[in-house]
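Keep the structure open as you read.

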Amino acid sequence: MATLDAIPPGIPRFAYDRAAQAIGIVHFGIGAFHRAHQAWYTDRAMDAGDRDWMIAGVSLRSAEVAGQMNPQDGLYSVTERSAAGDAMRIVGAVREVLVAPRSRASIAISLITPTTHIVSLTITEKGYCRAPDGSLDFDRVGEGSIYPILTDAMQQRRAAGISGLTLLSCDNLADNGHQLARLMSEYLDRHEPSLRAWFEAECACPATMVDRIVPATTDEDRAAVAAPLGVRDEAAVVTEPFSQWVIEDRFAGPRPAWEKVGAQLVGDVAPYETAKLRMLNGAHSALAYLGLERGHTYVHQAIADPALRPLIERLMKQEAAASFTPAPGQDLDAYADALLARFANPALNHRLAQIAMDGSQKIPQRWLATLAAMRATGRPRPAILAALAAWVRHVRGDGHPVDDPMADRLRAAWDGQDFAGAVRALFARGGVMAGEWAPDEGEIETMAVPH
Ligand code: CS2
């Protein structure tokens with residue numbers, strides 16, 4: 001790309017020959033998070049000498065990212081932002097972006113290319129199409145989901161005698177690899193049972209813990225990065241300096257040497273993943289619903305609120321951290337303190353409304369798993385209950401939109417009900433939030449007391 005030469009040489013960038021690299025990864029859900037995380041790791045792994053791991057990005061629905069990235073040849077900038085200032089890098093790992101509804105054939109070709117070894121996913125919690133009991137919701141798995149696309153690809157790879165794929169979930173689900181394998185198997189059992197044995201023998205679904213706070217890019221962000229870049233970058237992403245990627249080292253075939261650029265390849269991801277989901281994401285969702293209610297817009301404002309900070313600290317240190325056994329050497333108190341500092345980053349402008357989205361899909365692994373574990377040990381859990389109460393009030397949708405695939409059913413739980421009635425309706429058998437944990441009357445009483 002000619003404009004690459006126009007970018008000031010002081011801004012770090014890849015040194016590998018992009019055109020000479022084969023596609024090794026097809027990534028579904030190429031939003032800001034993927035660009036600031038997995039693609040950023042892969043870019044640096046190729047820069048460190050690994051080869052042929054270019055990424056073909058796929059958007060399942062919207063053509064927006066394709067419209068931003070393809071005219072730029074897939075190139076974009078990552079800006080790490082903190083009180084100490086900005087640090088930028090130009091990332092070269094994305095070859096192109098395909099849009100599922102209109103590019104099915106090109107997506108299929110990328111998926112059956114023998115150099116493609118990994119299909120990674122950041123399709124958000126709702127992209128997995130899970131019913132409240134965790135099983136595959138067959139009403140939602142039609143054309144817009146990953147399942148039919150992956151089934152076609154696997155069928156063609158099997159027929160052509162090409163090796164299996166590693167399906168790498170990089171979404172915030174508990175035990176994400178295992179869940180993906182189970183959901184994919186449920187889909188195959190119904191639609192292509194003869195493929196199930198091949199999938200199990202030839203493919204692998206390692207678990208991952210992914211962590212980097214990446215606010216949705218705004219027009220102000222794009223305007224701000226244009227100054228140091230000297231060109232406008234429609235696909236720019238802005239993020240925090242911190243990043244972490246813990247990956248279960250169980251791949252079906254080759255993988256990039258991500259460990260050379262900071263990723264941790266381990267035997268068991270569970271303690272990292274549980275800590276991250278229940279502490280970071282659990283605190284995030286609490287900040288979102290309690291913070292919005294108190295009139296805040298951004299995470300750093302909510303965490304600076306003296307009425308919220310002690311509650312969030314309690315949620316992480318006394319409730320979430322007490323709900324599971326850490327790995328040897330895993331210091332959860334220090335982890336919580338580091339999270340408080342990350343939330344306080346004043347330069348990031350991370351919107352609470354972005355985190356508040358899709359609560360029905362996030363809350364089970366962020367709060368309810370903790371609540372279930374706490375009940376078993378009889379410990380008090382006022383912070384999570386206060387957060388849950390704020391969410392229940394949020395889904396009523398008074399004066400603000402509720403952005404959630406279950407929004408209609410969530411609102412309907414309030415029909416003709418007071419607060420306690422709405423809680424009971426949401427968690428009742430057959431309710432939207434039915435699952436392993438439902439509040440007892442004592443917990444409902446605690447929740448009803450305004451924080
Ligand atoms: C956030 C996450 O939007 C949300 O629900 O909690 O996206 C969070 O920023 C990331 O998981 C951090 O790694």
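Start with Arg81. This residue is buried, because its relative accessible area is 12% and buried means under 20%. Keep in mind that the model is a predicted one.

What does Arg81 meet? Its side chain forms a salt bridge with that of Asp221, at 3.2 Å from N to O. Arg81 sits in strand E3 (residues 76-82) and Asp221 in helix H9 (residues 219-229), so the bridge ties together parts that lie 140 residues apart in sequence. Asp221 counts as buried too, at 14% relative accessibility.

Now look at Glu240 and Arg342. Their side chains also meet in a salt bridge, with 2.5 Å between N and O. Glu240 lies in the loop between strand E9 (237-239) and strand E10 (244-248), while Arg342 belongs to helix H13, so this pair joins parts 102 residues apart in sequence. Both residues are buried.

Some bridges share partners. Asp43, Asp47 and Arg89 are joined into one network this way. Within it, the closest N and O atoms of Asp47 and Arg89 are 3.1 Å apart. Asp47 is in helix H3 (residues 38-47) and Arg89 in strand E4 (residues 85-91), 42 residues apart. Asp47 is partly exposed at 29%, whereas Arg89 counts as buried at 13%. The structure holds 29 salt bridges.

Finish at Ser323. Find it in the loop between helix H12 (309-320) and helix H13 (332-343). Is Ser323 buried or exposed? It counts as buried, because its relative accessibility is 12%. Its side chain makes a polar contact with the side chain of Arg278, at 2.9 Å. Beyond four places away in sequence, Ser323 touches Arg278, Thr370 and Ala373.

Conventions
Residues numbered from 1 in each chain as written. Predicted model: local features only at pLDDT ≥ 70, side-chain atom pairs only at ≥ 80, totals over all residues. Heavy atoms only, no water. Helix = DSSP H or I, 4+ residues; strand = E, 2+ residues; numbered from the N terminus. Buried < 20%, exposed > 50% of the residue type's maximum accessible area, 1.4 Å probe, protein only. Polar contact = N/O pair within 3.5 Å; in protein donor to acceptor, adjacent residues only side chain to side chain. Contact = heavy atoms within 4.5 Å. Salt bridge = Lys/Arg side-chain N within 4 Å of Asp/Glu carboxyl O.
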